[in-house]
Amino acid sequence: MPEINDELIVRLKRDGIETVEKYKEEAKNALLAQKEKAAEDEFTNDILNQLQAMTKIDLPEVMTEGEVDRMYREFEQNISQAGFTADQFLQATGQDKAAIRAQMKPEAENRVKMQLTLEALANQAEIDITEDMINDEYKMLSEMYHMPVEQIRQVIYPDQIVFTLKQQKALDLLKKNAQE
């Protein structure tokens with residue numbers, strides 16, 4: 001094992017980190033940020049679970065099936081990233097597409113229920129999304145995916161951005177009210 005010293009830290013070639021002390025500080029900050037994110041995620045999940053338990057909605061089957069379709073496509077993409085096809089996975093596990101879809105249905109129902117609930121809350125709170133907010137979201141996505149904004153606009157339509165932003169603002173409103 002090499003000795004942990006400033007020379008080793010320099011060889012790691014991490015931007016702005018050239019000493020053991022700076023490395024420790026960055027590691028501490030990263031761990032703190034990770035713990036804060038985990039706590040925020042847990043808080044958000046608790047709020048959503050409580051909201052879901054209080055909400056009674058008759059879910060349109062077409063919406064649930066649409067979400068199952070989306071989840072199955074995501075499953076296929078994840079499997080392909082592991083170097084397999086969905087058919088190979090199904091064959092190896094002895095399952096079929098219908099069984100996988102049936103396993104996904106409860107989660108799909110939860111997601112649709114949450115989307116409808118947050119949409120209703122956004123409408124009730126009269127949450128409005130401005131053109132500037134939409135443009136800011138496109139800019140953020142452009143930076144995140146290292147793609148030009150116009151290319152992002154061809155893949156993600158403004159109404160999708162509005163939908164996502166309204167849901168996020170509704171969730172932010174719930175979290176704010178829960179903290180008060």
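Trainee: Is Tyr-72 buried or exposed, and what is its relative accessible area?

Mentor: Bear in mind that this is a predicted model. A residue counts as buried when its relative accessible area is under 20%, and Tyr-72, with a value of 4%, is therefore buried. Phe-75 is buried as well, with a relative accessible area of 14%, whereas Phe-89, at 27%, is partly exposed.

Trainee: How many aromatic pairs does a search of the whole structure find?

Mentor: Rings are paired if their centres lie within 6.5 Å, and the angle between their planes then sets the class. The search finds two such pairs. In one of them, Tyr-72 and Phe-75 have their centres 5.3 Å apart and their planes at 50°, which is a tilted arrangement; both residues belong to helix H3 (residues 61-81), where three residues, about one turn of the helix, separate them.

Trainee: Why is the pair of Phe-75 and Phe-89 edge-to-face?

Mentor: Planes over 60 degrees apart count as edge-to-face, and because the planes of Phe-75 and Phe-89 stand at 75°, with ring centres 5.4 Å apart, this pair falls in that class. The pair links distant parts of the chain, since Phe-75 lies in helix H3 and Phe-89, 14 residues away, lies in helix H4 (residues 86-93).

Trainee: How many helices and strands does the protein have?

Mentor: The protein has eight helices and zero strands. Its radius of gyration is 22 Å, well over the 16 Å that the globule rule gives for 180 residues, so the protein is more spread out than a compact globule.

Key: Residues numbered from 1 in each chain as written. Predicted model: local features only at pLDDT ≥ 70, side-chain atom pairs only at ≥ 80, totals over all residues. Heavy atoms only, no water. Helix = DSSP H or I, 4+ residues; strand = E, 2+ residues; numbered from the N terminus. Rg over C-alpha atoms; globule rule 2.2 N^0.38 Å. Phe/Tyr/Trp six-rings, centres within 6.5 Å; stacked < 30°, edge-to-face > 60°. Buried < 20%, exposed > 50% of the residue type's maximum accessible area, 1.4 Å probe, protein only.
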